[in-house]
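Here's a friendly walk through one protein model, taken a piece at a time. Have the sequence and the 3D view handy as you read.

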Amino acid sequence: MKKILLVDASPRVNGNSENIIKILAEDLKDYEVTVFKMREKKCNPCLACGVCQGREDQICVQKDDIAKLLPVIDGCDSIVIATPIYNQQICSQAKLFIERWYPFFKFDGPGMSNSSKTNKKGALVCSFLGSSVGVTQKYADWTVSGFGQMGASQTKAILFPQIPNRGDVLNNPEYVEKIHELAKWLAD
């Protein structure tokens, strides 16, 4: 059975990122899905202490919820991070989550990763208002290309621009359809 990790990186309750994750979780209910809502967890920034480097396994000296999630990240088949765009960048919680993949970094490993599971799928889903779509797409594509560090070889960056209010992604049938299409891609 496929294992899929869905990360809601938004600080907002009932925001667009949470609604995106809810739709994906419902569509993927026949799979082993883990939903990780960063705002509900203890998530410390990376200390850059280096203890995790040069190892074949993924450990972190910190005792927080991301350290506990490392085995899930290692063993999943797919990972999706849903994030708002603030000031033309993913939110700080999403950045923090990605930076905590340092235990997976192995310079000479495939995809610069020591993940025990490779050929994963990774997606970054961004909702925003006002930022340039072209600039944001380049930024999102660049960001998701780094998902190789945790074993992803197939990636997608999906944008939902011009969403002014909390939960407005649900009011756009085209965006909801893109979420369903993402779920199908993850399930394949």
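## A covered strand and its neighbours

Strand E1 is mostly covered, with five of its six residues buried; "buried" means under 20% relative accessible area, "exposed" means over 50%, and "partly exposed" is in between, using a 1.4 Å probe and protein chains only. Strands here are DSSP runs of E with at least two residues, helices are runs of H or I with at least four, and both are numbered from the N terminus. This is a predicted model, where local features need pLDDT of at least 70 and side-chain atom pairs count only at pLDDT 80 or more, while totals for chains, interfaces and linings use all residues. Residues are numbered from 1 along each chain as its sequence is written, and side-chain values use heavy atoms, leaving out hydrogens and water.

So who sits beside E1? E1 (residues 3-8) pairs with strand E2 (residues 32-37) in the parallel sense, over six bridges; two strands pair if DSSP finds at least two bridges between them. Within that pairing, Leu 5 has Thr 34 as its bridge partner, and Val 7 has Phe 36. E1 also runs parallel to strand E3 (residues 78-86), joined by five bridges. There, Leu 5 stands opposite Ile 79.

Between E1 and E2 comes helix H1 (residues 16-27), and the three make a right-handed β-α-β unit. Right-handed means that, with the strands pointing away from the viewer, the path from the first strand over the helix to the second runs clockwise.

The lining has 15 residues, and the closest to the centre are Cys 46, Leu 47, Cys 49, Cys 52 and Cys 60. It divides into 11 nonpolar, two polar and two charged residues. Here Ala, Val, Leu, Ile, Met, Phe, Trp, Tyr, Cys and Pro count as nonpolar, Asp, Glu, Lys and Arg as charged, and the others, Gly among them, as polar.

## Cysteines without disulfides

A search of the whole structure turns up zero disulfides, a disulfide being a pair of cysteine sulfur atoms within 2.5 Å.

## Two loop residues with positive phi

Most residues other than glycine have a negative phi. Ala 48 has a positive phi of about 55°; it lies in the loop between E2 and helix H2 (65-75) and is exposed, at 59% relative accessible area. Gln 162 has a positive phi near 60°. That residue lies in the loop between strand E6 (152-160) and helix H5 (173-187), and Gln 162 is partly exposed at 46%.

Note on methods: On a 1 Å grid over the protein atoms alone, a cavity is a set of points where a 1.4 Å probe fits but cannot get out, and a pocket is an open set with protein on both sides within 12 Å along at least five of seven lines; lining residues have an atom within 4 Å of a point.
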